Each structure stands twice: as structure tokens, then as C-alpha cells.
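Let us walk through this chain together, one piece at a time. Have the model open beside you as you read.

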Amino acid sequence: MLSYISAKEAAERWNISRRRVAILCSENRIDGAMMVGNMWIIPSNAEKPIDKRTLRYENERKFTLKPFVKWVGGKGQLIGELEKMLPSNGDKVLTKYCEPMVGGGALLFNVLSKYDFAELYIGDINPELINAYNVIKKNVEELISRLQEMQMVFLPMDENGRKFYYYSVRDKFNSVVLAAETAVEKAAYFIFLNKTCFNGLYRVNRKGQFNVPMGAYKNPTICDKENLLNISKALQNVTIVCGDYSLSKEFIDKNTFVYIDPPYRPISETSGFTSYNADVFDDDEQIRLARFIDEINKSGAKIVLRKKNKELKVYGFTNVF
Ligand SMILES: C[S@@+](CC[C@H](N)C(=O)[O-])C[C@H]1O[C@@H](n2cnc3c(N)ncnc32)[C@H](O)[C@@H]1O
């Protein structure tokens with residue numbers, strides 16, 4: 001004989017709220033659930049329905065997004081590890097995604113390709129990078145036509161022609177001030193330089209001037225139209241902020257997955273790559289970041305921090321898995 005349990009018992013068994021059980025019943029998501037009087041009863045052998053709110057929907061997506069710039073620290077190969085940290089179901093639902101040091105967005109674009117977060121926040125201190133995100137979001141067609149034009153001129157040139165063209169774009173990038181009227185132009189220069197400069201580096205001198213020399217790519221893709229169009233669609237739902245990571249505090253709560261991938265701490269003044277902007281991410285910055293992580297950890301957010309040795313440090317995940 002079929003036995004039933006109350007919504008309260010189901011809520012306890014499945015570790016979700018009674019309200020959630022009622023919603024699942026009213027959406028016909030629990031086979032055999034019935035309303036008796038004003039209460040739901042549920043067959044005692046019913047299984048907890050998969051939560052569709054953060055469910056992967058890989059099959060429904062028609063495209064895979066790729067970062068639109070190459071970025072130091074943007075480790076595509078870590079994606080597999082990071083993905084294991086993303087929840088696929090359960091009542092400890094993570095509905096929000098936050099990446100306050102987004103850089104090239106290696107994880108972001110993977111997430112946007114596969115997951116359906118209700119709210120997303122990305123930020124970075126680099127105004128040129130954030131301008132490019134904003135232009136792709138709001139003005140992608142114009143950006144594409146500028147990039148196509150640059151690609152058409154640059155690719156057929158010989159080495160000397162390319163050099164001349166590259167350094168003239170670099171000069172324009174450094175002399176045009178970023179403002180609403182120049183946003184598209186600046187984003188086009190920014191992406192062009194990223195695709196054609198040495199190793200896709202973004203490095204500025206003390207005056208904030210981009211100073212990376214030309215790279216040696218034979219046939220760089222300067223305009224990936226399809227990817228840019230797809231990114232533009234996906235960004236419509238994303239809040240994009242230019243500024244310090246601490247601005248994301250307001251956004252972060254217990255339903256938020258936070259991924260933090262800070263710049264490396266420089267080992268010495270001259271060692272390797274140190275700065276994405278004129279300010280270096282030194283020991284004081286590391287301490288400030290540690291305090292920030294402590295603070296957001298208190299909110300119950302699920303945090304993944306990428307450490308210098310490429311390990312991932314996780315906070316707040318105990319209840320999710
Ligand atoms: C290691 S990179 C992030 C790479 C990123 N995960 C990717 O996939 O490309 C670190 C980023 O932090 C940004 N950054 C540095 N200081 C920052 C700050 N105080 N607030 C926000 N972003 C900052 C840099 O501009 C850089 O883009």
C-alpha cells in the first residue's frame with residue numbers, strides 16, 4: 001500500500017524548505033503528490049526532484065563561448081577542476097555568480113556556456129578591459145565592423161607594414177582618452193593589440209601607457225565575429241563593474257559562487273610579469289585580499305580562490321557536497 005509523508009517530512013528528508021516542497025508539488029514535479037485540505041502529501045518513496053534553477057543545460061546551448069582576449073593568469077586548463085566546484089543541483093542552491101577579478105574570463109565564459117545563474121557580476125580594475133566587456137555587451141556590431149576593417153588591412157601586410165600598423169594603433173590607443181564617445185574605438189584597439197602583441201600581454205608603464213611590443217603571430221584572428229556575437233548575448237544578463245574587487249561585497253550573499261583569481265605576488269622588482277595596471281599587487285594587497293575573503297566568507301558565500309601555486313582554495317562549501 002502506498003504510504004504518504006507530509007510536506008514538512010519531505011522538506012526534512014530532502015533538506016530543503018517546506019515552501020520549496022510546496023512549489024515542487026504545485027509544479028507537478030513530484031509524482032503522486034496530492035493536496036489534502038490545504039496541505040500537500042507526498043508518496044513516501046518519492047525522490048527529490050532535480051533542482052532546475054541551477055541545472056546544467058549544456059544540451060540546450062547552441063554555442064560555446066571563448067574568452068575574447070588572451071590574458072595572463074587566464075588558465076583554461078584549470079576549468080575542469082573549477083567546474084567540479086560548481087553545484088549542479090541540491091537545495092543549497094547557488095543562484096549567483098561573482099568574479100570580481102575577471103581578467104579574460106576563462107571560467108566566466110565556461111560558466112556562461114553551460115550554467116544558468118540568475119544573477120552574475122564581473123569586475124576588474126583595468127578600465128580598458130572592462131570597457132571592452134561593456135562595448136561587446138552594448139555595441140557589438142560596431143565593434144565587429146571596426147575589427148574586421150583592421151583585420152583586412154593588417155593580415156595581408158608584410159612584416160614591416162605590420163610593424164608600422166601595430167605601432168600606430170598602439171600610439172592611438174595610448175593617446176585617445178577613454179570616454180563614452182571613444183568607447184568602441186578604444187575597445188577595437190584594445191582587442192587588436194591583444195591579438196597581435198607579444199604573448200597577449202597587457203603591460204603598462206608608470207604613466208599607464210601600454211608598452212608591449214608586436215608579437216610574431218602569422219595569422220592572428222583579430223575578429224571572431226561569431227564568438228563576439230554570442231558573448232554579447234550572454235553578457236546581457238551580467239553586471240559589469242570597473243573597479244576594486246571590494247565593490248562586489250554588496251552583491252555577494254549565501255547564494256553566491258565567488259571565483260577569485262588575483263594577480264601573482266611579484267617575487268622581485270624585476271621578476272616576470274607583475275602588473276596589469278600601474279599598481280603592483282604587493283604584500284599589502286595580498287593581506288587586504290585575505291581580509292576581504294574572510295569578510296565574504298562570513299556571508300556564507302561559496303568561494304574558490306586561486307593560489308599562486310595554482311592550487312584552488314575553497315571556502316564555505318561543506319554543505320554543498
Ligand atoms: C590573474 S588575473 C585574472 C585572470 C582571469 N581568471 C582570466 O581567466 O583571465 C587577475 C586580474 O585581477 C585584476 N585586478 C588587479 N587588482 C585588482 C583589484 N584591486 N580589483 C579588481 N581587479 C583587480 C587584474 O586587472 C587582472 O585582470
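Helices α7 and α8 are oblique to each other, because an angle counts as roughly parallel under 35 degrees, roughly antiparallel over 145, roughly perpendicular from 65 to 115, and oblique for the rest. Here the two helices, α7 being residues 159-175, pack at an angle of about 140° with their axes 10 Å apart. Axes are lines fitted to C-alpha atoms, for helices over the stretch in contact, and angles run from 0 to 180 degrees between N-to-C directions. The helices themselves (H or I, at least four residues) and the strands (E, at least two) are DSSP runs, numbered from the N terminus.

Before going further, please keep in mind that this is a predicted model, in which local features need pLDDT of at least 70, side-chain atom pairs count only at pLDDT 80 or more, and totals for chains, interfaces and linings use all residues. Residues are numbered from 1 along each chain as its sequence is written.

Now look at how α7 and α8 meet. Their crossing is left-handed; a crossing has this name if the near helix is turned anticlockwise from the far one by less than a right angle, and it is right-handed if clockwise. On the α7 side you will find Tyr166, Val169, Arg170, Lys172 and Phe173, and they meet Lys186, Tyr189, Phe190, Phe192, Leu193 and Thr196 in α8. Two residues are in contact if their C-beta atoms, placed from the backbone, lie within 7 Å. Sorted by type, the residues of this contact are seven nonpolar, one polar and three charged. In this sorting Ala, Val, Leu, Ile, Met, Phe, Trp, Tyr, Cys and Pro count as nonpolar, Asp, Glu, Lys and Arg as charged, and the others, Gly among them, as polar.

Helix α8 also packs with α6 (residues 140-154), at an angle of about 45° and with the axes 9 Å apart. That makes α6 oblique to α8. This time the crossing is right-handed. From α6 come Glu142, Leu143, Arg146, Leu147 and Met150, and from α8 come Val184, Ala187, Ala188, Ile191 and Phe192. This contact divides into eight nonpolar residues, no polar ones and two charged.

What lies beyond α8? The loop between α8 (183-196) and α9 (225-235) holds Asn199. Asn199 has a positive phi of about 55° although it is not a glycine. Most residues other than glycine have a negative phi. Asn199 counts as partly exposed, because it has 13 C-beta neighbours inside 10 Å; a residue is buried with 20 or more other C-beta atoms within 10 Å of its own, exposed with 12 or fewer, and partly exposed in between, with C-beta atoms placed from the backbone.

Next come the sheets. Strands of a sheet pair through backbone hydrogen bonds, either parallel or antiparallel. Tyr97 stands opposite Leu120 in β5.

Another open sheet has three strands in the order β1-β3-β2, with antiparallel pairing. Its edges are β1 (4-6) and β2 (34-36), each with a single partner strand, so one side of each is left without a neighbour in the sheet. The twist averages 40° from one strand to the next. Helix α1 (residues 7-14) packs on this sheet, touching β1 and β3, and its direction makes about 85° with that of β1. Strands β2 and β3 (residues 39-43) pair over three bridges, and the bridge partner of Val36 is Met39 in β3.

Ser44 sits in the loop between β3 and α3 (79-85). Leaving aside residues up to four places away in sequence, Ser44 touches Ser3, Tyr4 and Ile5.

Finally, step back to the whole chain, which has ten helices and nine strands. Of its 321 residues, 31% count as buried.

Terms used
Two strands pair if DSSP finds at least two bridges between them.
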